[in-house]
There are 2 protein chains.
Amino acid sequence: MVSKADIATEAVDRLGALANEHRLAVFRLLVQAGPEGQAAGAIADALDLPASSLSFHLAHLTRVGLITQRRESRSLIYAVDFAAMNGLVGFLTENCCGGRDCAPKSAKRSRA
Amino acid sequence: MVSKADIATEAVDRLGALANEHRLAVFRLLVQAGPEGQAAGAIADALDLPASSLSFHLAHLTRVGLITQRRESRSLIYAVDFAAMNGLVGFLTENCCGGRDCAPKSAKRSRA
DNA sequence: TTCATATTTCGATGATACTAGAAATATGGA
DNA sequence: TCCATATTTCTAGTATCATCGAAATATGAA
């Protein structure tokens, strides 16, 4: 069983993972990439990050469960775990918005 | 005008503010307290934190705009800025969920 | 004024996090 | 087997963050 405290700890960890310029950029890029995901090299190119720095951030996001990793030949493909992100947004909505409609209308769907 | 980059930076700052055990606990307590807010001393008692440590965390949350401060006689009252929290959840929903219904049904309202 | 309460600011310390080059590992092709 | 590609792990240096006692500030009451 997962205790309430564990859930809060998990939320803290995941918030911390997103609370970084580069990791948030990586995550947003992977959201756009969808379930297919994107190879580490492609991400490094897109965001102009040194490979070792990117690897550090990818490991962080993976460790907290926000993204997944799979190998495809020589490449390692990273993809968003949408269920995990659902969980995080759900936690914030339930615990940090006090039933005050925290996912506003304007956020309803505005895909590019 | 507020640029897209600024909005992302603001999101990073606010995520970072919530990405700490004590600050998240403070924030959740203030959500429960509602618009009335709660005095620093009462928060310190409730969460069993040294005054100076709490003050540090309250300052952080205030700096990023997630809570507000007002004086009431000798007490400083802190309260959640629900609009700011709306904005953060909206940002996550719009940018980090890819239209994949990130505020799930189960989060619709389950007040204690 | 003087005192008590409420809270912050200061300061020093320890802990974590970020960065990025260099070396190591994994995979596939010639 | 040997080489190139893709990526990670190692390492060390720097920077940022958290903690909390002590001192300072603000407010109100006697």
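## Helix H4 of chain B

Just after H4(B), Gly65(B) has a positive phi of about 90°. Helices (H or I, at least four residues) and strands (E, at least two) are DSSP runs, numbered from the N terminus. The model is predicted: local features need pLDDT of at least 70 and side-chain atom pairs count only at pLDDT 80 or more, while totals for chains, interfaces and linings use all residues. Residues are numbered from 1 along each chain as its sequence is written, and chains are lettered from A and ligands numbered from 1 in the order in which they are written.

The 13 residues of H4(B) should span 18 Å at 1.5 Å a residue, and the 18 Å between its end C-alpha atoms agrees with this; the expected span is 1.5 Å times one less than the number of residues. Leu54(B), His57(B), Leu58(B) and Leu61(B) are buried in H4(B). A residue is buried if 20 or more other C-beta atoms lie within 10 Å of its own, exposed if 12 or fewer, and partly exposed in between, with C-beta atoms placed from the backbone. Seen down the axis of H4(B), the buried residues fall within an arc of 100°, so they line one face of the helix; the arc is that of the directions from the helix axis to the C-beta atoms.

These buried residues pack against H1 (4–18), H2 (21–33), H3, S2 and S3 of chain B, contact being C-beta atoms, placed from the backbone, within 7 Å. The face of H4(B) turned away from the buried side carries exposed Ser52(B), Ala59(B) and Arg63(B).

## Surface near DNA strand C

H4(B) gives the most to the surface near DNA strand C, with five residues.

## Sheet of chain B

In chain B, three strands form an open antiparallel sheet in the order S1-S3-S2. S1 (38–39) and S2 (67–72) of chain B stand at the edges with a single partner strand each, so one side of each is left without a neighbour in the sheet. S2(B) and S3(B) pair over six bridges in the antiparallel sense; pairing requires at least two DSSP bridges. Arg70(B) has Ile77(B) in S3(B) as its bridge partner.

## Ser73 in both chains

Ser73(A) is found in the loop between S2 (67–72) and S3 (75–80) of chain A, and its phi is positive, near 60°. Ser73(B) lies in the loop between S2 and S3 of chain B, with a positive phi of about 60° although it is not a glycine.

Notes
Contact = placed C-beta atoms within 7 Å.
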